[in-house]
Amino acid sequence: MSDSLDDLFAHNRAWSARMERDRPGFFTSLVKQQTPKYMWIGCSDSRVPANQITGLEPGEVFVHRNVANIVVHSDLNALSAIQFAVERLKVQHIMVVGHYGCGGVQAAMEGARIGLADNWIRHIQDVRDRHRVMLESLPPEARADALCELNVAEQVVNVAVSTVMVDAWSQGQKVSIHGWAFGVHDGLLQDLGLSVDGDKPIENLYRAAVQRIRYKWSAPSPELAVRAEPHGNDSASTVEEPR
Ligand SMILES: [Zn+2]
């Protein structure tokens with residue numbers, strides 16, 4: 001085995017020993033069950049590790065990741081993970097987490113051909129096309145970041161309208177879906193202010209989120225706008241093409 005893989009096993013043994021020393025019984029309690037409150041749906045990008053970013057330990061977050069954090073209505077992998085999280089684990093929160101500088105979003109923005117993944121990224125191009133007028137009105141340097149957030153909003157809706165969520169909410173289960181974005185450049189999570197719990201019409205929440213995204217990235221200094229006003233502003237008066 002190569003030296004680098006040996007390193008991984010060495011680190012693993014050290015981590016296991018450290019955990020058991022600091023918290024005796026940690027692993028034996030994990031064996032019995034997992035009771036995570038959270039489900040994370042994020043990008044496969046190695047710079048966006050769910051547990052490390054949120055300070056959560058093994059057993060605390062149920063994770064599904066794919067290229068560019070997309071939830072497609074016919075993706076049995078994602079839907080099975082969501083169903084297991086909601087029906088069996090009874091998670092209370094599902095976070096759909098995009099990240100700035102996402103290669104999948106960038107490729108969709110540019111219409112770049114990268115291979116088989118073109119067919120997967122086509123889903124983000126659909127988001128891009130739906131909001132083409134708005135994206136073209138933004139400063140060019142802000143468009144990929146705005147599309148990252150629009151993609152998150154879109155995927156929050158896709159989770160919310162899945163049969164899993166519709167059934168869970170109809171049975172009175174308390175579970176919310178949230179849209180977040182992670183900054184690889186600063187290590188910080190942004191709450192995009194789109195949270196869905198089955199009570200309010202999702203159409204209105206989605207439109208408000210799209211307005212906030214447009215307002216935020218129309219600002220002269222997008223980077224500053226992100227930091228100063230992570231929840232955006234509802235003052236924009238018109239709505240881009242509704243879903
Ligand atoms: Zn990504």
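**Sheet, helices and core in a predicted model**

Me: How many helices and strands does the protein have?

Reply: The protein has 11 helices and five strands. Both are DSSP runs numbered from the N terminus, helices being H or I with at least four residues and strands E with at least two. The model is predicted: local features need pLDDT of at least 70 and side-chain atom pairs count only at pLDDT 80 or more, while totals for chains, interfaces and linings use all residues. Residue numbers start from 1 along each chain as its sequence is written.

Me: Why are S2 and S5 at the edges of the sheet?

Reply: The five strands form an open, mixed sheet in the order S2-S1-S3-S4-S5. Two strands pair if DSSP finds at least two bridges between them. S2 (61-66) and S5 (189-196) each have a single partner strand, so one side of each lacks a neighbour in the sheet. On average, neighbouring strands are turned by 20 degrees against each other, direction ignored.

Me: What makes S3 and S4 a pair?

Reply: Seven bridges join S3 (residues 93-99) to S4 (residues 176-182), against a requirement of at least two. The two strands run parallel, and Gly98 stands opposite Ala181 in S4.

Me: Which way do S4 and S5 run, and what links them?

Reply: S4 and S5 are joined by six bridges and run antiparallel, with Phe182 opposite Leu189 in S5. They form a hairpin with six residues between them, and Gly187 in the turn has a positive phi of about 75 degrees.

Me: Why is S4 called largely enclosed?

Reply: A residue is buried if 20 or more other C-beta atoms, placed from the backbone, lie within 10 Å of its own, exposed if 12 or fewer do, and partly exposed in between. Five of the seven residues of S4 are buried, so the strand is largely enclosed by the rest of the structure. Across the protein, buried residues make up 35% of the 243 residues.

Me: How do you know that H6 has close to its expected span, and where does H6 bend?

Reply: The expected span is 1.5 Å times one less than the number of residues. H6 (residues 118-130) has 13 residues and reaches 18 Å from its first C-alpha to its last, close to the 18 Å expected. H6 bends by about 30 degrees at Ile124, the bend being the angle between axes fitted to the seven residues ending there and the seven starting there.

Me: Why is Gln125 called partly exposed?

Reply: Gln125, in H6, has 15 other C-beta atoms within 10 Å, so it is partly exposed. Buried residues in H6 are Ile121, His123, Ile124, Val127 and Arg128.

Me: What makes a set of residues the nonpolar core, and which members touch the most others?

Reply: A nonpolar core is a set of buried Ala, Val, Leu, Ile, Met, Phe, Trp, Tyr and Cys residues joined through C-beta atoms within 7 Å. The largest has 58 residues, of which Ile94, Val105, Leu147, Ala153, Val156 and Val159 touch the most other members. H8 gives the most to this core, with 11 residues. Leaving aside neighbours within four places in sequence, the contacts (C-beta atoms, placed from the backbone, within 7 Å) of Ala153 are Gly179, Leu192, Leu194, Tyr206, Ala209 and Val210.

Notes: Axes are lines fitted to C-alpha atoms, for helices over the stretch in contact, and angles run from 0 to 180 degrees between N-to-C directions. Two residues are in contact if their C-beta atoms, placed from the backbone, lie within 7 Å.
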